[in-house]
Amino acid sequence: MGDPHGPAGDRHGRAVEALRRSYAAVPAGEPVRLAKRTSNLFRPRAATASPGLDVGGLTGVLGVDPVARTADVQGMCTYEDLVAVTLSYGLMPLVVPQLRTITLGGAVTGLGIESTSFRNGLPHESVVEMDVLTGAGDLLTTGPDGPHADLFAAFPNSLGSLGYATRLRIELQPVRRYVALRNVRFTDLDALVDAIGAVTATRAWAGRPVDAMDGVVFAPDEAYLVLGTFTDDTHPADGGLRRPSDYTRREIYYRSLSRRGHDLLSSHDYLWRWDTDWFWCSRAFGAQHPVVRRLWPARWRRSDVYHRLVRLEHRYGIAARMGRWRGRPPRERVVQDVEIPLVGTADFLRWFAREVGMAPVWLCPLRLREPVGPGSARVWPLYPLRRGETYVNVGFWGSVPIAPGAADGDVNRAVERAVARAGGHKSLYSDAYYDRAEFAQLYGGAVYRAVKDRYDPEHRLTGLYEKAVARQ
């Protein structure tokens, strides 16, 4: 682990002090925001003239302990930079969200997920301790026990409304050189759900261990469960590919699922397999057209580039104006990740295909991590998933025409109602339409208010409801 009194520790200390000074410089009553170049949020926010918080020095890895399998990481460090360091030790975070520029602090305060979540839960569950700059301007070290355990528990899904993580110590896991994949096709959603339950229970499929699991639904009668096994072997016994695939060039990852029963990726390329085409969303920019793909520089085939294009559209509305000029109906953005209990997943997918009609959709099973000892089961009140229950994250990202007589937001509201009927939860990185009472019931309102009043008594930081629903 890095020496807290060495050069890295000194640089971190100076970076924290710069953050605290910039926080103190924000005028009272003005919104407090991070001055960062990238964002993975899909909520347009009200403009502000107040200076952003200086987080420029909080973007690195402070140290890795390969024996304890932990890393000390600054809050604004992207997973791309974090993984580049940990892979050199043969280690990776327990959960690596699928987009390169998601930050560790962002994945903890805003939730993250990926294909190891069926066994490792969500990123915040592998945090051992963290330093948080609170709304009161205090820098506190928090953990599952001790005087600030309430802040530690309420931090996940607080979206920066309780404070900002400056340093996090996280658990790591061993990783092999490659990930061997089996793309298992299903023509029946109930059979797909049964398979997810079986793999989650046994961590195996057809006699082989499963270390990672996600899936894609193209239609109710065409879905794929992608089962990954960490390996150093490029000659799998089941006859899979011997040479690792490369989806950073002309081939497109999600299209391979229907063509290949087996695949092989380097561990690095597996972790970022979705980033090159932002799952399948790059098609909206023409980046999947063969001619455009040859001309589009590979270094620009990244999720953060696509996201910048989306922000430009939010600002200038060029595509919306062109649509109106061509006589096309206005469109509603439907960009959501929702957690549905496994038992209701097939019904939700059928409802979604019938009522919304967007495809493909991403599936990512998850369970809260199993307790490692007596009394170790943690509660995360702002995103209260039930311990011992398997959920499936269903991700869908795109837009739909607004029907005559309908209003912008109607489809998203219908999704929220369907998620509630299924007993699920919705992530808050995108549009939300709940009223205050329902929002408080779903996202730990009583606990949140108590923690907010304790650590941000003047409510300098924008509240969770104001951020998630009011777009402040």
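Predicted model: local features only at pLDDT ≥ 70, side-chain atom pairs only at ≥ 80, totals over all residues.

Modeller: Residues are numbered from 1 along each chain as its sequence is written, and side-chain values use heavy atoms, with hydrogens and water left out.

Biologist: How many salt bridges does the structure hold?

Modeller: A salt bridge here is a side-chain nitrogen of Lys or Arg within 4 Å of a carboxyl oxygen of Asp or Glu. Counted in this way, the salt bridges in the structure number 30.

Biologist: How many residues apart in sequence are the parts that R167 and D131 tie together?

Modeller: R167 and D131 form a salt bridge, with their closest N and O atoms 2.8 Å apart. Strands are DSSP runs of E, at least two residues, and helices are runs of H or I, at least four residues, both numbered from the N terminus. R167 belongs to strand 8 (residues 163-174) and D131 to strand 6 (residues 127-134), so the parts they join are separated in sequence by 36 residues.

Biologist: Is R249 buried or exposed?

Modeller: R249 meets D246 in a salt bridge at 3.2 Å, N to O. Buried means under 20% relative accessible area, exposed over 50%, and partly exposed in between, with a 1.4 Å probe and protein chains only. D246 is partly exposed at 29%, while R249, with a relative accessible area of 56%, is exposed.
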